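The following note sets out some points for a colleague who is reading this structure for the first time. Please keep the sequence and the model in view while going through them.

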Amino acid sequence: MDVNKPIENPVLVELLDNLKTQFNADTEHKFFKELLSAKFLSPITQDSLQGCKNGESALKEDAAIKFIYLPVFTDWNELRKWNKANGIKTLILSFEDYKTMIFEKDSIFSGFVLNPFGHNIIFDKDLIQQAEKSIYGKKENESVMIGIPE
C-alpha cells in the first residue's frame with residue numbers, strides 16, 4: 001500500500017449518501033461490498049507509535065487506545081471535521097483490521113463509527129457481522145445443514 005497516496009473512498013461516500021435517500025436491499029448490499037474492500041484513516045497519538053520507517057509504524061504493545069467505538073474516516077475531509085490540525089498521525093486500516101481489533105478476545109471495543117462528524121454510521125458487532133454475511137454469506141463457525149429433498 002502506498003502511504004503517500006491520499007486515502008479516498010468516493011464510491012463508499014456516494015453509497016453512504018444513497019442509503020439515506022434510497023434505502024433498500026440492493027443499496028445496502030452495494031454499500032457493504034464497498035465497505036469491506038475500503039481502506040480507512042484511523043487517528044492515533046504519536047506516543048502510541050514505535051519505530052517509523054518509510055511512512056509505516058506499529059503500535060507499541062502497551063499503547064492505550066481510549067475509544068470504545070473506534071472513529072473511522074473515509075478520507076481526509078472527514079478526518080478534518082474532527083480535527084483541523086496539521087500533522088495528524090493516522091493509520092490506514094481495512095474493515096478486516098477493525099473487525100479483528102473489535103472481536104479479539106478481551107477487546108475493549110464495541111464497534112466503530114464511520115465518519116462520526118459526517119454520516120455518523122455506528123457499526124456494533126452485530127452490524128459488522130451482518131455486513132460480512134451480506135457479502136460473504138455464511139458466518140465463520142456457522143453450521144449449514146445440507147439435505148436431499150424427499
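Which side chains meet in a salt bridge at 2.9 Å, N to O? The first point takes up this question.

1. The side chains are those of K81 and E78, with 2.9 Å from N to O. Helix α3, which covers residues 76-82, holds both K81 and E78, and they stand 3 residues apart, about one turn of the helix. With a relative accessibility of 43%, K81 is partly exposed. E78 is buried, because its relative accessibility is 8% and the cut-off for buried is under 20%.

2. The average pLDDT of the chain is 80, and 73% of the residues score at least 70. Over residues 144-148 the pLDDT stays under 50, and for this stretch the model has 1 contact beyond four places in sequence. Where pLDDT is low, the predicted coordinates should not be read in detail.

3. As to the overall arrangement, the chain has 5 helices and 7 strands. Read from the N terminus, their order is α-α-β-β-β-β-α-β-α-β-β-α. The chain has 150 residues, of which 32% count as buried. Among contacts with a separation of 6 or more, 69% are between residues 24 or more positions apart.

4. The side chains of E96 and K99 meet at 3.4 Å, N to O. Both belong to helix α4 (residues 95-103), where being 3 residues apart separates them by about one helical turn. The side chains of K99 and E132 also meet in a salt bridge, at 3.1 Å, N to O. Since K99 lies in helix α4 and E132 in helix α5, this pair ties together parts that are 33 residues apart in sequence.

5. How buried or exposed are the members of this network? E96 is partly exposed, with a relative accessible area of 39%. K99 is buried at 15%, and E132 is buried at 16%. E132 is found in helix α5, residues 125-136. Apart from its neighbours within four places in sequence, E132 is in contact with L36, F95, E96, K99 and G137.

6. Aromatic rings form a further theme. A search of the whole structure finds 7 aromatic pairs. One of them is F112 with F123, which is stacked, with 4.7 Å centre to centre and 15° between the planes. This pair links distant parts of the chain, F112 being in strand β6 (residues 111-114) and F123 in strand β7 (residues 121-124), 11 residues apart. Both F112 and F123 are buried. Ring pairs also link these two residues with F31, F32, F40, F95 and Y98 into a cluster.

7. At the surface, I68, Y69 and I122 form a nonpolar patch, and together they have about 280 Å² of accessible area. Y69 has its place in strand β4, residues 69-72. With 33% relative accessibility, Y69 counts as partly exposed.

Note on methods
Residues are numbered from 1 along each chain as its sequence is written. Side-chain values use heavy atoms; hydrogens and water are left out. Helices (H or I, at least four residues) and strands (E, at least two) are DSSP runs, numbered from the N terminus. Buried means under 20% relative accessible area, exposed over 50%, partly exposed in between (1.4 Å probe, protein chains only). Contact means heavy atoms within 4.5 Å. Patches are made of residues with over 30% relative accessible area and no salt bridge: like charges are joined within 9 Å, nonpolar side chains (Val, Leu, Ile, Met, Phe, Trp, Tyr) within 5 Å. Accessible areas come from the Shrake-Rupley method with a 1.4 Å probe; for residues, only the protein chains shown count as cover. A salt bridge is a side-chain nitrogen of Lys or Arg within 4 Å of a carboxyl oxygen of Asp or Glu. pLDDT is the predictor's confidence in each residue, from 0 to 100. Rings of Phe, Tyr and Trp (its six-membered ring) pair if their centres lie within 6.5 Å; planes under 30 degrees apart count as stacked, over 60 as edge-to-face and the rest as tilted.
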